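Please look through the structure shown here with the following paragraphs beside it.

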Amino acid sequence: AIERTLSIIKPDAVGKNVIGEIYSRFEKAGLSIVAAKMVQLDNDSAGGFYAEHKERGFFNDLIAFMTSGPVMVQVLEGEGAVAKNRELMGATNPAEADAGTIRADFAKSIDANAVHGSDSTESAAREVAYFFSDAEICPRG
Ligand code: CMP
């Protein structure tokens with residue numbers, strides 16, 4: 001099915017100037033960018049996005065990292081977009097990510113892991129709506 005998923009290029013990858021290289025991987029895999037914006041998250045906006053992790057030991061480090069510089073947020077659309085994006089990203093911990101994945105190629109730690117992607121169609125719906133109104137999404141069909 002044609003799905004949408006939320007993708008975030010994190011501060012480490014924005015700082016390495018590889019937004020275009022990562023976009024290119026999405027597009028070569030058949031995913032279309034149907035909405036995008038660059039934002040500087042603050043504690044409230046990052047904390048709200050990652051609310052499900054609030055009780056985890058890594059939460060404070062995660063919020064500190066995600067607010068350390070601008071992020072690029074986009075909605076990817078395409079056949080099986082949620083799983084396809086997760087394949088392109090590789091494992092959460094870059095040390096365990098398959099060769100050729102975004103995290104293997106651009107990330108250096110589990111915190112600075114280059115990208116975020118929704119883990120299910122349910123979280124994708126919530127995460128897309130967290131950043132974008134319907135009017136900001138431009139379906140490609
Ligand atoms: P992300 O997909 O953005 O979702 C939550 C983030 O928390 C995750 O990527 C990692 O960057 C970060 N994180 C740090 N430590 C852990 C951990 N032990 N397990 C899962 N995520 C972690």
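This is a predicted model: local features need pLDDT of at least 70, side-chain atom pairs count only at pLDDT 80 or more; totals for chains, interfaces and linings use all residues.

Beyond its neighbours within four places in sequence, Gln74 is in contact with a number of residues, including Thr5, Leu6, Ile8, Phe26, Ala35 and Phe132.

Not counting residues up to four places away in sequence, Phe132 touches Leu6, Ala35, Ala36, Lys37, Val73, Gln74, Val75 and Ile137. In soluble globular proteins, nonpolar side chains tend to be buried together. Here the largest nonpolar core has 21 residues, and those with the most contacts inside it are Leu6, Ile8, Met66, Phe131 and Phe132. At least two residues of this core come from each of strands S1 (2-9), S2 (32-39) and S3 (71-79), and likewise from each of helices H3 (43-49), H4 (59-66) and H7 (121-131). Helix H4 supplies the largest share, five residues. Apart from this core lies another, of 20 residues, among them Val14, Tyr23, Phe26 and Ile102.

Phe49, Tyr50, Tyr130 and Phe131 form one aromatic cluster. Phe49 is buried at a relative accessible area of 2%, and Tyr50 is buried at 5%. Phe49 also pairs with Phe131 in a tilted arrangement, at 5.3 Å centre to centre and with 45° between the planes. Because Phe49 lies in helix H3 and Phe131 in helix H7, the pair ties together parts that are 82 residues apart in sequence. Phe131 counts as buried too, at 11% relative accessibility.

Tyr50 is also one of the residues around the ligand, together with others that include Lys10, His53, Phe58, Arg103 and Asp111. Which atoms of the protein lie 2.6 Å, 3.2 Å and 3.0 Å from an oxygen atom of the ligand? The 2.6 Å distance involves a backbone N or O atom of Ile110, whereas polar side-chain atoms account for the 3.2 Å distance from Asn113 and the 3.0 Å distance from His116. The protein covers 79% of the 460 Å² of accessible area that the ligand has on its own.

Note on methods:
Residues are numbered from 1 along each chain as its sequence is written. Side-chain values use heavy atoms; hydrogens and water are left out. A nonpolar core is a set of buried Ala, Val, Leu, Ile, Met, Phe, Trp, Tyr and Cys residues joined through side-chain atoms within 4.5 Å. Buried means under 20% relative accessible area, exposed over 50%, partly exposed in between (1.4 Å probe, protein chains only). Helices (H or I, at least four residues) and strands (E, at least two) are DSSP runs, numbered from the N terminus. Contact means heavy atoms within 4.5 Å. A residue is near a molecule or strand if one of its heavy atoms lies within 4 Å of it. A polar contact is a pair of N or O atoms within 3.5 Å; within protein, one must be able to donate a hydrogen and the other to accept it, and residues adjacent in sequence count only if both atoms are side-chain atoms. Accessible areas come from the Shrake-Rupley method with a 1.4 Å probe; for residues, only the protein chains shown count as cover. Rings of Phe, Tyr and Trp (its six-membered ring) pair if their centres lie within 6.5 Å; planes under 30 degrees apart count as stacked, over 60 as edge-to-face and the rest as tilted.
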